[in-house]
Amino acid sequence: AGADWFRPTAFEESDVAAPRANHPRLRGLSPRLAGVVLVSGAGVGEPRFALAVGIDPERERELGIDGFTPWPALGPDACALSEPLAAKLGRGDAVTVGGIAMRRAGTIERQLVFPQPVREYVVMDLATARKALGVPGGGVHVMAGALRDPLAGYDARDLAASVRALKDAGEAVAETLGPDYAVALPKAQAIVVFQAVSGPLRAVFGIFALVALAITAILVYSLVSVSAEERMREHAILRTLGARRRQVFGMVLAESAVLCLLGVV
């Protein structure tokens with residue numbers, strides 16, 4: 001509690017993982033490390049401070065935690081850089097993270113692990129991150145958890161209910177942890193941000209749709225009215241030959257319907 005990604009507080013992994021091995025809401029936990037380090041390329045670009053994250057790739061893939069896209073192929077003394085950070089450090093397979101020489105293991109395009117405004121970050125496995133961040137064995141900064149049944153409360157038709165279901169699961173986990181730890185729900189936060197952004201967009205697109213429909217109605221009306229005026233002589237002949245008013249009117253409507261169907265196609 002009180003820590004964040006830029007000022008993490010280490011705790012013992014066993015203090016959290018072992019008592020919650022059989023939690024009814026959790027499928028499992030995976031340790032993570034975090035911290036701010038100085039990153040520099042091979043003589044290209046200026047050294048930059050970036051957020052360093054250490055993960056257990058095998059454990060997270062086993063739990064189905066897909067926090068990074070594409071998934072980095074990490075290994076000893078290897079790291080993956082975010083696209084903005086890789087572009088600023090320049091090309092080259094060598095990079096120095098926290099004073100330790102490493103090789104690049106790929107570039108990450110998108111992440112759902114820490115706040116979205118963070119653009120410059122580097123991802124490593126746990127062993128490499130411990131050396132770069134100076135964290136002794138057994139100490140971790142974050143425990144990433146996967147829900148036992150992640151689709152139970154998710155409904156794409158009702159995102160608000162999905163967020164409430166995720167928060168209920170988070171509260172159940174937080175209740176067992178007590179006030180010494182803080183629980184974050186990155187997927188729920190992503191859904192809330194999506195709702196906040198998509199709401200105004202839906203309203204704007206709705207207005208555009210109404211304007212388009214109005215313009216279409218005016219164009220169809222103009223086309224049909226001009227056609228009816230040009231065929232006034234033919235309509236009069238039909239009336240003289242015995243056609244009823246509604247029959248002539250039906251012909252005009254049928255023609256307009258055919259024009260609308262052709263326009264849709």
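This tour visits aromatic pairs and a nonpolar surface patch in a predicted model.

Residues are numbered from 1 along each chain as its sequence is written. Local features need pLDDT of at least 70, side-chain atom pairs count only at pLDDT 80 or more, and totals for chains, interfaces and linings use all residues, while side-chain values use heavy atoms, with hydrogens and water left out.

Begin with the aromatic rings: the structure holds four aromatic pairs. Rings of Phe, Tyr and Trp (its six-membered ring) pair if their centres lie within 6.5 Å; planes under 30 degrees apart count as stacked, over 60 as edge-to-face and the rest as tilted.

Select W5 and F114, an edge-to-face pair with 5.7 Å centre to centre and 70° between the planes. W5 lies in the segment before β1 (11-12) and F114 in the loop between β8 (110-111) and β9 (121-125), 109 residues apart; strands are DSSP runs (E, at least two residues), and helices likewise (H or I, at least four), numbered from the N terminus. Both W5 and F114 are buried (under 20% relative accessible area; exposed is over 50%, partly exposed in between; 1.4 Å probe, protein chains only).

Next, select F68 and W71, whose ring centres are 6.5 Å apart with planes at 55°, so the pair is tilted. F68 is buried at 2% relative accessible area, whereas W71 is partly exposed at 22%.

Finally, go to helix α6 (residues 186-230), which holds V197. V197 is partly exposed, at 49% relative accessibility. Together with V193, L201, V204, F205 and F208, V197 forms a nonpolar surface patch of about 590 Å² accessible area (Shrake-Rupley method, 1.4 Å probe; for residues, only the protein chains shown count as cover). Patch residues have over 30% relative accessible area and no salt bridge; like charges are joined within 9 Å, nonpolar side chains (Val, Leu, Ile, Met, Phe, Trp, Tyr) within 5 Å. A salt bridge is a side-chain nitrogen of Lys or Arg within 4 Å of a carboxyl oxygen of Asp or Glu.
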